[in-house]
Amino acid sequence: MSVIASATSISGVDEKRAHSDGRADALFRWIVFAAGIFVLITLIAVALTTLWGGREAFEKFGFRFLYSSEWNTQTHEFGALAPIYGTLVTAAIALIIAVPISFGIALYLTEIAPPWLRTPVGAAIELLAGIPSIIYGMWGLFVFVPIMGHYIIPWLNDHLGGVPLLGALFSGPPLGLGMLTAGIVLAIMVIPFISSVMREVFLTVPTRLKESAYALGGTTWEVAWDIVLPYTRTAVIGGVFLGLGRALGETMAVTFVLGNVHRLSLSLLEPGNSIAATIANEFAEADSEIFRSSLIALAFLLFVVTFIVLAIAKLMLRQMEKREGKL
Amino acid sequence: MLNRIRHSLTALAIGVTLFAASAHATDITGAGSTFVQPLITKWSSTYAEKTGSHVNYGGGGSGAGIAQIKAATIDFGASDKPLSPEELSAAGLGQFPIVIGGVVPVVNVQGIKAGDLKLTGALLGDIYLGNVKKWNDPKIAKDNAGVALPDLAIQVVSRSDGSGTTFNFTNFLSKVSADWKAKVGEGTSVQWPAGVGGKGNAGVAAYVQQINGSIGYVELAYALQNKMAYTQVQNAAGKYVTPNLASFAAAASHADWKSAKDFQLVITNAPGDDSWPITATAFALIYKTPKDAAHSKEVLNFFKWAYESGGKEAEGLDYVALPPPLVHQIEEYWKAEVKL
């Protein structure tokens, strides 16, 4: 009798419990749904706001806004080509430098470094990632620009200036400022991001895979290139794009060392401009509607550029996966 | 016990009433020109000590100041570029000068010290147009017999952000160089034909100090603080003058304010033997028929106080107070134009 009673009471509790669990689950689902949708709403809101703010510029200039490098506040002729070009070139330089170095850092820390060194260097990377960009900008201007101007640019001029094709990229006045300088400063800024992601994901590679490769006579490099990297490829590319996103949108550090002029030049040693730097420089004194509208239109274009670059990356990743699947 | 509380409450109430009566403070807000921001901030703290009224000045740039005063979100705006009487009357605004300052060319050429180099306005225009490319160009050498000019490329530095400094500099170049006027013109930001752009006075000063063979333009205070080599510039009377507070003051007093409606006058290239040619003014913008008369009255009180007793502080920050006849003219303008 008492056994039966207790059994029913337990099932009653269970029912209640199941009911409240169901409610809690539903509530939880809504909360995380809201968190997820928040990202989408923010994204769409930013895109629409900048598109709306830039409508005047898009209406007036049309497609010319994309391919004109004119930026004249007197005649109110605005074109975005110079800042778009500067944004892409500086980000490309940054990645060309940052990706191999980050790979080296991550590989060293996970495969080669003695264990006592791994934690402090790992912590140092995370600290570097937390330094505000204005600090990088000031360091760039006061420390790095003179080094570029006095030593590196004259050397590049002397040794690469005469080489066909490359010469066009590496000849210019020894200002110390310019797209190469900005790209290098950006590289230093994004290395912590890329390398810390790489380090995290390299740690997830199962030891038995690596041990098997070593047992088959693989060198450390072969293990890294043929085992570790393919295993973590998606996450590594994700890390690279985190860095790329930061490089494309970086404002203060770039403004300090880029030279801020609306001119297109092939040479990496010439000053240029980037979308974010242009907006930061000129928004406060944008004294006409069309000027302000053009700056907001630039913001929209930065959005579009970032989107296109990320889309291309996703496509490349899918192609690579397809090829792997066929093998 | 209750009595004690009641007593202390009464005392507190009386205290609060007295305090409110004695302070009688009207806090006003302004925004705009960053050129006058250090000075207005300084004036504001002294003024608050004297009167208890606070002036909150937001800076943000002349463009922002003009936009905000038109949108009626502030009590006064400040602009480096005077508005035209038509634009003022369309927005119901009045305008008057605040203080005088000056823009000076600075160079970084080994061996050339402050005040050594002499430049004409037209030559300055040619340098900024990129027509004169080397420091030993005969055009530069012509008026600089005693100066050792190296065979070094000139690197031009300008402002990358829109600014009143640029407006006054390009306004001067447009007045003295037909070539400049036709190709570039004047404005708070222009399409520079050559060189690099630094952000703010500090950015230009830093670029000029870093780049060998460079020339830039900054406000006098930045040139002095950074111990930079400023140049002499030829003025409208054909004389070479050194930038300092005396030559700024000379330009301000020789300028023809009397015939400038709503004080719309840019005093670059002013007449007078001792006038600095790139002298600049910052202008205050106020409502002619204010909705909030108390606030606008306080704005005028503040500027009246600043004209009378703010001269020393202005000098300390390398600005020049307005000459007395101009102050008199401004006060007449207030009486005639502002309905309080």
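Two rings of Phe, Tyr or Trp (its six-membered ring) make a pair if their centres lie within 6.5 Å; planes under 30 degrees apart count as stacked, over 60 as edge-to-face, and the rest as tilted. By that rule, 32 aromatic pairs turn up over all chains. Take Phe169(B) and Tyr217(B): their ring centres are 4.2 Å apart and the planes sit at 10°, so this pair is stacked. Phe169(B) belongs to helix α7 (residues 164–176) of chain B and Tyr217(B) to strand β8 (residues 214–219) of chain B, so the pair links distant parts of the chain, 48 residues apart. (Helices, H or I with at least four residues, and strands, E with at least two, are DSSP runs numbered from the N terminus.)

A word on the ground rules. This is a predicted model, in which local features need pLDDT of at least 70 and side-chain atom pairs count only at pLDDT 80 or more, while totals for chains, interfaces and linings use all residues. Elsewhere in chain B, ring pairs build a cluster out of Trp43(B), Tyr47(B), Tyr57(B), Phe76(B), Phe96(B), Phe302(B), Phe303(B), Trp305(B), Tyr307(B) and Trp334(B).

Zooming out, chain B has 14 helices and 12 strands. Its C-alpha atoms fill a box of roughly 90 × 45 × 30 Å, taken along the principal axes. Of the 340 residues of chain B, 57% count as buried.

Next comes the place where the two chains meet. There, 29 residues of chain A are in contact with 29 residues of chain B. The size of an interface is often given as the accessible area lost when the parts come together. Chains A and B bury about 2200 Å² between them, with 46% of it on carbon and sulfur atoms; buried area is the accessible area (1.4 Å probe) that two parts lose on being put together, summed over both. Gln74(A), Leu175(A) and Glu285(A) supply 28% of what chain A buries against chain B, more than any other three residues. The elements that give two or more residues to the side of chain A touching chain B are β1 (71–72), α6 (133–160), α11 (252–258) and α12 (275–282) of chain A.

What about polar links across the interface? Between chain A and chain B there are 10 residue pairs in polar contact (both at pLDDT 80 or more). A polar contact is a pair of N or O atoms within 3.5 Å; within protein, one must be able to donate a hydrogen and the other to accept it, and residues adjacent in sequence count only if both atoms are side-chain atoms. Salt bridges between the two chains come to 0, a salt bridge being a side-chain nitrogen of Lys or Arg within 4 Å of a carboxyl oxygen of Asp or Glu.

Gln155(B) gives a view from chain B. This residue is in strand β6 (residues 155–159) of chain B and is buried, with a relative accessible area of 13%. Leaving aside neighbours within four places in sequence, Gln155(B) is in contact with Pro173(A), Pro174(A) and Leu175(A), and also with Ile211(B), Asn212(B), Gly213(B), Ser214(B) and Ile215(B).

Over all chains, the structure holds 17 salt bridges. One of them joins Asp21(A) to Arg17(A), with the closest N and O atoms 3.3 Å apart. These two are 4 residues apart in helix α1 (residues 2–53) of chain A, which means about one helical turn separates them. Asp21(A) is partly exposed at 35%, whereas Arg17(A) counts as exposed at 53% relative accessibility.

In chain B, Lys139(B) and Asp126(B) form a salt bridge whose closest N and O atoms are 3.0 Å apart. Lys139(B) lies in helix α6 (residues 138–141) of chain B and Asp126(B) in helix α5 (residues 121–129) of chain B, so the pair ties together parts 13 residues apart in sequence. Lys139(B) is partly exposed at 45% relative accessibility, while Asp126(B) is buried at 14%.

Notes. Residues are numbered from 1 along each chain as its sequence is written. Chains are lettered from A and ligands numbered from 1 in the order in which they are written. Side-chain values use heavy atoms; hydrogens and water are left out. Contact means heavy atoms within 4.5 Å. Buried means under 20% relative accessible area, exposed over 50%, partly exposed in between (1.4 Å probe, protein chains only).
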